[in-house]
Amino acid sequence: MGNGYEAAQEQRNWLERLGARIPGFKGYQDRELRRDVDRMPREHISREFGGLKGSVRTRARDYTDAGQIGLLHLFDRLDRKLDGLSQSIRFADYGASGLFDVVKILDAELEKLYEFDLTFLDDVAALKGDIDSIPAPGDGDVQGTVGDVQSRLEAMEGRWNERKVLIGNVVESSS
């Protein structure tokens with residue numbers, strides 16, 4: 001993820017390259033670029049959650065088709081939790097927060113943020129595995145498995161909140 005900023009810089013058009021040569025404009029442009037780089041992993045993670053919601057809905061449909069509608073509330077709760085965390089990640093207003101204001105951000109601090117995002121993607125992959133393990137109707141303990149998925153999801157919500165603290169620490173140490 002550390003190469004995202006450099007890759008984004010290479011994608012600049014001629015106007016942006018010209019602006020990079022105007023005194024004072026480069027700093028503004030770099031902040032905007034960093035906002036874009038911050039937004040990309042958040043949007044990617046949010047899209048991953050969209051795929052997970054699709055998997056949950058497919059499994060809920062299996063239970064509906066099997067006539068086990070008494071268990072649908074489990075899937076509904078899971079769907080709402082996935083949606084809530086996805087929206088929280090996607091619309092986090094970090095781009096407007098102090099992280100990208102006029103403070104000097106050291107590369108080491110940004111690396112911590114990128115590392116966090118990378119490990120969060122690992123969490124998303126583990127969550128996908130958990131959701132894929134929800135048994136088909138009549139094949140196992142759906143309540144226990146969905147409960148495990150919800151526990152992981154709640155832990156991920158807590159981890160996402162740690163990102164806010166991490167950003168706050170970056171801003172404090174930079175000012």
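A residue counts as buried when its relative accessible area is under 20%. In this predicted model, Phe-120 has a relative accessibility of 0% and therefore counts as buried.

The chain as a whole has six helices and zero strands, and buried residues make up 37% of its 175 residues. Among the contacts with a separation of 6 or more, 79% are accounted for by residues 24 or more positions apart. The chain exposes about 9800 Å², of which carbon and sulfur atoms supply 51%.

Aromatic rings form four pairs in the chain. In one of them, the ring centres of Tyr-63 and Phe-75 are 5.2 Å apart and the planes stand at 40°, so the pair is tilted. Because Tyr-63 belongs to helix α3 (residues 25–65) and Phe-75 to helix α4 (residues 72–90), this pair ties together parts that are 12 residues apart in sequence.

Another aromatic pair, Phe-116 with Phe-120, is stacked, with 6.1 Å from centre to centre and 20° between the planes. Both residues lie in helix α5 (residues 107–132), where they are four residues apart, about one turn of the helix. Ring pairs also link Phe-116 and Phe-120 with Trp-160 into a cluster.

The accessibilities of the residues in these two pairs are set out below.

| Residue | Relative accessibility | Class |
|---|---|---|
| Tyr-63 | 1% | buried |
| Phe-75 | 2% | buried |
| Phe-116 | 9% | buried |
| Phe-120 | 0% | buried |

How values were computed: Residues are numbered from 1 along each chain as its sequence is written. This is a predicted model: local features need pLDDT of at least 70, side-chain atom pairs count only at pLDDT 80 or more; totals for chains, interfaces and linings use all residues. Side-chain values use heavy atoms; hydrogens and water are left out. Helices (H or I, at least four residues) and strands (E, at least two) are DSSP runs, numbered from the N terminus. Buried means under 20% relative accessible area, exposed over 50%, partly exposed in between (1.4 Å probe, protein chains only). Contact means heavy atoms within 4.5 Å. Accessible areas come from the Shrake-Rupley method with a 1.4 Å probe; for residues, only the protein chains shown count as cover. Rings of Phe, Tyr and Trp (its six-membered ring) pair if their centres lie within 6.5 Å; planes under 30 degrees apart count as stacked, over 60 as edge-to-face and the rest as tilted.
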